[in-house]
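Keep the structure open as you read.

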Amino acid sequence: MRVIILEDTDDVAHVGASFFLQQLELKPASVFGLATGSSPVALYDCLINAHRNDGVSFSRATTFNLDEYYGIASDHIQSYRHFMQVNLFNHIDVVPSATHVPDGMAEDPITACLRYEESIAEQGGIDVQLLGIGRNGHIGFNEPSSSLASRTRIKTLTKETIEDNARFFSKDEVQPTLSLTMGIGTIMEAKKVVLIATGRAKAKAIKDSIEGPVSASCPASMLQLHRDAVIVLDSEAASDLDNQAFYQFVEEQRQKLEAA
Ligand code: F6R
């Protein structure tokens, strides 16, 4: 695991985005796994700026989002499809048909989930997967107790996640309690995983993920078994880590090697 600890949230967005831009430079037809929520918004702004100001093109890229609320149509203002359109897709040159978000209104969700897995495989798998993390350690909507080998499927959200996401829904809106989400097994097959987290509220989940045991009680801890997982944190999200000084020392050594 590579742990990068940065001063503030802007740095997290820039460094997080750099992994996607490097990948795109290496392989214009890259396959990206994407996330929603508050964490990736500033990172997506960096990608939009790179497209607008530096001529970076996403025209050959393919994207697969981690999850979608079950029972919400793609044109619903709270859908993750809508979130992606507003926060990224409408502002870059990605081909609309190359962007995939699970279908929250699928009549046969089990088949739709299987099909989602097949589509990822048909594209050759995900090159770089972006993740946020829930306060309970969830990645995607893989809540604690999710199988560490799980695939894309329907998941029930925890009370904590429903409460955390209530901020996006107005009082008269029905908030979904189910989701379609890539599984932890699906996420683990991405060639590279970049998890970003900012703020004190994420510190315990980050501590458990990086320094705790690998456990279904903290789904993100499974990333300890990933061959190329990068965790990009601001100082608050990193504040419970015991080995902060070591992670920073490792990064200094890496920079020296890269400069040599
Ligand atoms: C969203 C997702 C979730 C979020 C997590 C953190 O697609 O998969 O796991 O990444 O709930 O959400 P924020 O960034 O809003 O704190």
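How many nonpolar, polar and charged residues does the lining of the largest cavity have, by class? The model is a predicted one. The lining of that cavity has nine nonpolar residues and one polar residue. Charged residues number none there.

Now place the cavity in the chain. F20, F32, L34, L47 and F58 are among the residues that line the largest cavity. A61, T63, L88, I92 and V94 line it too. Its volume is about 70 Å³. The structure holds one cavity of 30 Å³ or more.

Rolling a probe the size of a water molecule over the atoms shows where empty space is left.

The largest pocket holds about 580 Å³ of space. Its lining counts 31 residues, and G37, S38, S39, I133 and K202 are the closest to its centre. Several elements contribute. Helix 1 (9-26) and helix 2 (41-54) each supply at least two lining residues. So do helix 5 (159-165) and strand 9 (192-197). By class, the pocket lining divides into 14 nonpolar, twelve polar and five charged residues.

What sits in the largest pocket? The ligand does. Around the ligand stand 14 residues, and the closest are S39, D67, H138, G140 and K202. This shell divides into three nonpolar, eight polar and three charged residues.

Look next at individual atoms. S39 places a polar side-chain atom 2.5 Å from an oxygen atom of the ligand. In the side chain of H138, an N or O atom is 2.7 Å from an oxygen atom of the ligand. For K202, a side-chain N or O atom is likewise 2.7 Å from a ligand oxygen atom. The protein buries 93% of the 410 Å² that the ligand exposes when taken alone.

Methods
Residues are numbered from 1 along each chain as its sequence is written. This is a predicted model: local features need pLDDT of at least 70, side-chain atom pairs count only at pLDDT 80 or more; totals for chains, interfaces and linings use all residues. Side-chain values use heavy atoms; hydrogens and water are left out. A residue is near a molecule or strand if one of its heavy atoms lies within 4 Å of it. A polar contact is a pair of N or O atoms within 3.5 Å; within protein, one must be able to donate a hydrogen and the other to accept it, and residues adjacent in sequence count only if both atoms are side-chain atoms. Accessible areas come from the Shrake-Rupley method with a 1.4 Å probe; for residues, only the protein chains shown count as cover. On a 1 Å grid over the protein atoms alone, a cavity is a set of points where a 1.4 Å probe fits but cannot get out, and a pocket is an open set with protein on both sides within 12 Å along at least five of seven lines; lining residues have an atom within 4 Å of a point. A molecule sits in a cavity or pocket if more than half of its atoms lie within 2 Å of its grid points. Ala, Val, Leu, Ile, Met, Phe, Trp, Tyr, Cys and Pro count as nonpolar, Asp, Glu, Lys and Arg as charged, and the others, Gly among them, as polar. Grid points are joined across faces, edges and corners, and a volume is the space filled by probe spheres set on the points. Helices (H or I, at least four residues) and strands (E, at least two) are DSSP runs, numbered from the N terminus.
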